[in-house]
Amino acid sequence: MIPLAHYLILSGILFSIGLAGVLIRKNIIVVFMCLEMMLTAANVALVAFSRAQGTAGVPVYDAQVLSLFITGIAAAEVAIGLALIVAMFRARRSVESTALNTLKD
Amino acid sequence: MFESSLCQILFYLLAAIAVLCAVGVVAFRNPVNSAMCMALSFAMVAAIFFGMGAQFLGIVQLIVYAGAILVLFLFVVMMLDIHDEDKSRGSYIHAAIGVLIAGFFAGLTINISLGLPGATSGTCPVVTMCDSFGELLIGDARATSETAVAAAPYGGSLPELSAAAAARMENPSISEADAAAATSIPDVKLLGKCLFTHYNIPFVILSFALLSGTVGAVALARKIRKD
Amino acid sequence: MNMIHNLPWLFLLLPLVVAAIDWVCLNKHPRLAATLSLLSAAGTLGLCIAYLTGLQTGTPDTYTWMPSSLEQLNLHLGLLMDPMAMRMMLVVTGIGLLVHFFSIGYMKGDSSNLSRYYAGLSIFMFSMSTIVLASNLAMTFIGWEMVGFSSYLLIGHWFDKDSAADAAKKAFITNRVGDFGFLLGILLTLGLFGTMNFADMSGKAAGIAPAVLTVTIICLFCGAVGKSAQFPLHVWLPDAMEGPTPVSALIHAATMVAAGVYMLVRLQVSMGAEAFTETACCIIASVGAITAVLAAIMAVQQDDIKRILAYSTLSQLGYMVMAVGLLAGEAAMFHLYTHAWFKALLFLGAGAIIVCCHHEQDIWKMGGLSKRMPLTVLCFMMGTCALIAIPGFSGFFSKEAILEAALAKYPVFFWVGAGVAALTTFYMLRLCIVAFMGPAREHGAEHAKEAGFTMALPLLVLAVMAIISGYGFIANDLVPANGFHAHGFELGLPFYASMGSLVVGILLAVAIYGLGGRTKDPLAGNCISKALRNRLYIDALYDKVLIGGLQQGFAHLMQFLDSYIIRGILCQGIMWLTVRIGYLCSWIQCGSLRAYTLITGIGLVILVLLLAFQF
């Protein structure tokens, strides 16, 4: 069977790719997608743990509930975030993060 | 045995596609392509969830992420008429540093995961037991199955799911024979029980978060009238 | 009330509280402030008289101000109520009351803040009482500094005049030099005698090495040199005449400058005469004699009526200090006491003359005043007679006592004293002849009128005291010394010398200045006169050497340190470094969201490395 470690590695790789996207990409929408990917990576780890921590063949459902919550929060975050992006596009005619360079001013 | 190895092959295949698609999300310069990759990646993850026996979560993953959120993304991308990113000078250094940082974290998690006892053996979970002579008994027949299950979180194989145990957990008064007769795990039932009893209040709070998210999104995105 | 034994604390509290009220609450009500100050002076005088006539209230409480684990380091506030202190209090409060009264007339119509003036007078009364009644040296020192402070306030009362502000600073700073020595002396006393209480000092001098004792006494004497304006530090007193004349009378003639003499005599009484070693006595007496001679010489060529009196004060203080050095504490206190009355009289008289001549202070612009303000001139003449020691006036007896003591111990000081007496006679008669006789030389003197009631009354009272205070029947009860006994006329060398110098002085003065009618000083114009008018160049020397040399050199050094080390390296160097580092780091704050994300990522890596791997 697949060891827990491999699930964790998958989770870590997905998370790192998401992090790389957040750091590298300029398009805020893509950055946002990468954020979602990082959350999903966390979900993978949680579900794996839920199986691994289970007693006598029954998963620990607390972990899955937590994962469910993450999904719910992610949905709300996407709603707000995309609305922000729309607002930003209205203000700057761009969704590139290079347009957000007025913090110094 | 065949079923088991099929599961393994499927997992590694799905994981590989998921990672590839994730790379695609970052690599494609057109946001629409990125969104499509993201959908595929999330679908693969949902499949992996199915493989782990978390059917409900898998479905939620599909519906919410690969369905609703993806549609939202696409909708915004279309609505805003976004062009490809322009490549500006100095972004290579920027990208290199970002990859380095991400690589650091990837290496960190891989290193830690592989460092877990039993992670590479892929067989029996680690049981640190000593007999009366002080000899270390790992994976030995003398290590009971209960201990092995209890020690499972260390990184070895995930324990097998047991329908009988699940049935007993769902209804403690069930007879041994009836429990043994159970064929599948009532996943949604057990999850729902946990969610609506133990996590009832957080669940309600989450619903409020979703509501305020909806209202906030409308408030942010609507056109502000000048008058 | 069982607190009645603490009644003497009123001597200090009354003027202090009044000063505070004057200063804080009554800035807009100078009349009320004047009344309050006058009442407080009258109250303390009444209390003083009550104690002198036999009121007994028991020993006042002693308060521990700064407790210490070592008993002898405790700072106590206590009152020493022996006859010497109480009689000194009579002089202080008596003259204080008269000066308060005189001030009402003198300061009438003055545009400055009079509440401040009266508050200053009250603070002075408080401080002087503290010195007089102090039961230990620490408390004396507190009063010592406080009189310096109040003197500063009052000299600089007209602080918008540059000369007054400078004089106030000069007085204060010059006094600090003496105070430094005084503080050293107090600490030495504490170390050697193990106590600062006057009551516990007696008999402890016996076991101490004479050299150490000499140093201690000289250090303590430094305080008196500053406060009583003795020779090296005498420069502040003539300048202090920039203050209002009543202040000059109270502080710079009658009481504060006598504090040095009082303190020395107090030490002599409590430590015992054996503490004053031969060397110390010689130094003290010499300083006194030098001051007496120098001041008398300089007085000869002064034109300002107040400055003449200031130099004569210096000269008389020299007498007193000389007497202390001759271990004739009683004679010193006797002279202090008579001098306080007649010098206050002279100053107040001068004040009345100045006011009546429309603020003219130059005697060569007066003249003929004896016809226009006879009462004031008569009172002034009484003071002059006492000062030049005409037999029968108070000054005669006290000067005689000092001369006798000098003759008995060191005859050289006797002859110095006699010579100074002749000079005193000369310059005082010069003043009187020029200012009071002959025709008026200027407009102001022509229109002079008799002073008003508030100024005349104090003059009359003081004139009476100037005449009678030297006689045994009064002096035995009032001279601030424990168990004083005055003696009357005695024919002998001191009497003849005194008479001789008097006659010489009178003859010289009449010969040179005639009986009025001269319009300018026949002695003026030559180089000696110029030197005398320039105060023998002592002030100029201080300006050159101390201020120009030492102070400027030190200031240059400090400026170098300030501008190069502190400002250059410490301030600007650090600033420069900070700015450089700021420029180096400023690229981080580029304002771009992407860069910030990247930097956050780097920070995250560093954080993980630090926390997880404990680099």
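What is the mean pLDDT of chain B, and what share of its residues reach 70 or more? In this predicted model, the mean pLDDT of chain B is 77, and 75% of its residues reach 70 or more.

| Stretch of chain B | pLDDT | Contacts beyond four places in sequence |
|---|---|---|
| residues 122-140 | under 50 | 35 contacts |
| residues 142-153 | under 50 | 21 contacts |

Where pLDDT is low, the predicted coordinates should not be read in detail.

**Chain B against chain A**

The contact between these two chains takes 81 residues from chain B and 66 residues from chain A. On the side of chain B that touches chain A, at least two residues each come from helix 1 (2-27), helix 2 (31-51), helix 3 (55-80), helix 4 (91-115), helix 6 (163-170), helix 8 (187-198) and helix 9 (200-221) of chain B, and helix 4 of chain B gives the most, with 13 residues. By class, this side of chain B has 60 nonpolar, 19 polar and 2 charged residues.

Within this contact, helix 3 (residues 61-92) of chain A and helix 9 of chain B pack with their axes 8 Å apart, at an angle of about 10 degrees. Because angles under 35 degrees count as roughly parallel, helix 3 of chain A and helix 9 of chain B are roughly parallel to each other. The residues that meet include Phe69(A), Gly72(A), Ile73(A) and Ala76(A) from helix 3 of chain A, and Leu206(B), Leu210(B), Gly213(B) and Ala217(B) from helix 9 of chain B. By class, the contact of these two helices has 17 nonpolar, 4 polar and no charged residues.

**Chain A against chain C**

Here the contact takes 11 residues from chain A and 9 residues from chain C, and the side of chain A that touches chain C has 4 nonpolar, 4 polar and 3 charged residues.

**Inside chain C**

Chain C has 24 helices and 2 strands, and buried residues make up 51% of its 615 residues. Of the contacts in chain C with a separation of 6 or more, 82% join residues 24 or more positions apart.

Helix 9 (residues 245-254) of chain C is mostly covered, with 10 of its 10 residues buried, among them Thr245(C), Pro246(C), Leu250(C) and His252(C). These buried residues pack against helix 3 (83-106), helix 4 (114-133), helix 5 (137-155), helix 8 (236-239), helix 12 (305-325) and helix 13 (329-356) of chain C.

The largest nonpolar core has 206 residues, and those with the most contacts inside it are Val261(C), Ala323(C), Ala344(C), Leu345(C) and Leu462(C). Helix 13 of chain C gives the most to this core, with 19 residues. Leaving aside residues up to four places away in sequence, Leu462(C) touches Leu98(C), Trp341(C), Ala344(C), Leu345(C) and Leu348(C). Another core, of 83 residues, lies apart from the largest one and includes Ala74(A), Val78(A), Ala83(A) and Cys21(B).

Pro60(C) is found in the loop between helix 2 (30-52) and strand 1 (63-66) of chain C. Not counting residues up to four places away in sequence, Pro60(C) touches His5(C), Asn6(C), Pro8(C), Trp9(C) and Leu79(C).

Notes. Residues are numbered from 1 along each chain as its sequence is written. Chains are lettered from A and ligands numbered from 1 in the order in which they are written. This is a predicted model: local features need pLDDT of at least 70, side-chain atom pairs count only at pLDDT 80 or more; totals for chains, interfaces and linings use all residues. Helices (H or I, at least four residues) and strands (E, at least two) are DSSP runs, numbered from the N terminus. A residue is buried if 20 or more other C-beta atoms lie within 10 Å of its own, exposed if 12 or fewer, and partly exposed in between; C-beta atoms are placed from the backbone. Two residues are in contact if their C-beta atoms, placed from the backbone, lie within 7 Å. Ala, Val, Leu, Ile, Met, Phe, Trp, Tyr, Cys and Pro count as nonpolar, Asp, Glu, Lys and Arg as charged, and the others, Gly among them, as polar. pLDDT is the predictor's confidence in each residue, from 0 to 100. Axes are lines fitted to C-alpha atoms, for helices over the stretch in contact, and angles run from 0 to 180 degrees between N-to-C directions. Angles under 35 degrees count as roughly parallel, over 145 as roughly antiparallel, 65 to 115 as roughly perpendicular and the rest as oblique. A nonpolar core is a set of buried Ala, Val, Leu, Ile, Met, Phe, Trp, Tyr and Cys residues joined through C-beta atoms within 7 Å.
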